[in-house]
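Work through the exercises below with the structure open beside you. Try each task before reading its solution.

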Amino acid sequence: MADQTSWLKIVVQCRDAVRKRIAPLLKTLNEPQRDLGLGAGGDPVRKIDLAAERAIFETVKKHEVSFTLISEESGIKQYGDSPSQNFVTIDPIDGTTNLMRKIPFYATSIAVSARPSLESIHTALVEDLYHGVTYTAQRGKGAYSNGEKLTPSKITSLEEAVIGVDINTYKVRKIASQLTALIERTKHLRHLGANALELCYVAGGTTDAFIDIRGKLRTTDMAAASLIIKEAGARITSPEGKPLRIRLDPRQTVFFVAAGNEEIHRVILDLIRPRKEI
Ligand code: IPD
Ligand code: CA
């Protein structure tokens, strides 16, 4: 049975396999893309998503482990005699639209847990595929990028903070009133288009917070990054300030507020708390 240390080696091998497998496809982005239908998470599937997924599945299979793959593309696949011993939750490519449009911000995300729940993840890797930056975390052992310890931001003022907010939803009216007070007081707002990587930016202090309260993001996209955030010492909770206890499933969605430090996290929660109708 693979322990935490060997899982880290396995996810690093998965990263290398993804890089190798997608390299030729990155040269064909201008060619017409075949319609491959919708993935388990409900979005259109691209050839490159499937190639990355296959690279991860085949790499884990080479090791003597039984596992259940929970993927945004193919859904749930079981392998080996005891597939419920390990759960490997992946978003093969996070930020597929960025990748297809050659916006240099997309990632692969891999999380390993002993149960299919966010809070039980013990090993995580998010790879910034364009810049070649590897974010990793192991439970209880901190979070790193290319071997350097991640330290979140200490900034507490909304004037100075760079805050990511995902407002990418047709149902924006539902969340607009919750976000108005925060947007009114924030000087530097961003949405970069790959939520796994945007969470890693918070873990490493590149940005100060990242918020997704659309109820649309799948757990597969942020599973790995949620451990990286926690191990870096940053905060991630529900918009009500509660710990995230969520099932890992390609259809399961999640609402969250992540921030570099306790103080700015509290300021943001106070501003976005659902207001009672007067
Ligand atoms: C998408 C990205 C994007 C977010 C979308 C996600 P995908 O992931 O994380 O930033 O706004 O909701 O679906 O589909 O490229 O894996
Ligand atoms: Ca994806």
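Predicted model: local features only at pLDDT ≥ 70, side-chain atom pairs only at ≥ 80, totals over all residues.

Residues are numbered from 1 along each chain as its sequence is written, chains are lettered from A and ligands numbered from 1 in the order in which they are written, and side-chain values use heavy atoms, with hydrogens and water left out.

**Exercise 1.** Find the protein donors of the calcium ion (ligand 2).

Solution. 
1. Donors are N, O and S atoms within 2.8 Å of the metal (3.2 Å for Na, K and Ca); water is not among the atoms, so sites may look incomplete.
2. E72 (OE), D91 (OD), D91 (OD) and I93 (O) lie 2.3 to 3.1 Å from the ion.
3. E72 is in the loop between β1 (67-71) and β2 (75-79) and I93 in strand β3 (residues 87-94), so the pair ties together parts 21 residues apart in sequence. Strands (E, at least two residues) and helices (H or I, at least four) are DSSP runs, numbered from the N terminus.

**Exercise 2.** Describe the salt bridge between E58 and R21.

Solution. 
1. A salt bridge needs a side-chain nitrogen of Lys or Arg within 4 Å of a carboxyl oxygen of Asp or Glu.
2. In this pair the closest N and O atoms are 2.9 Å apart.
3. E58 belongs to helix α2 (residues 47-61) and R21 to helix α1 (residues 4-22), so the bridge ties together parts 37 residues apart in sequence.
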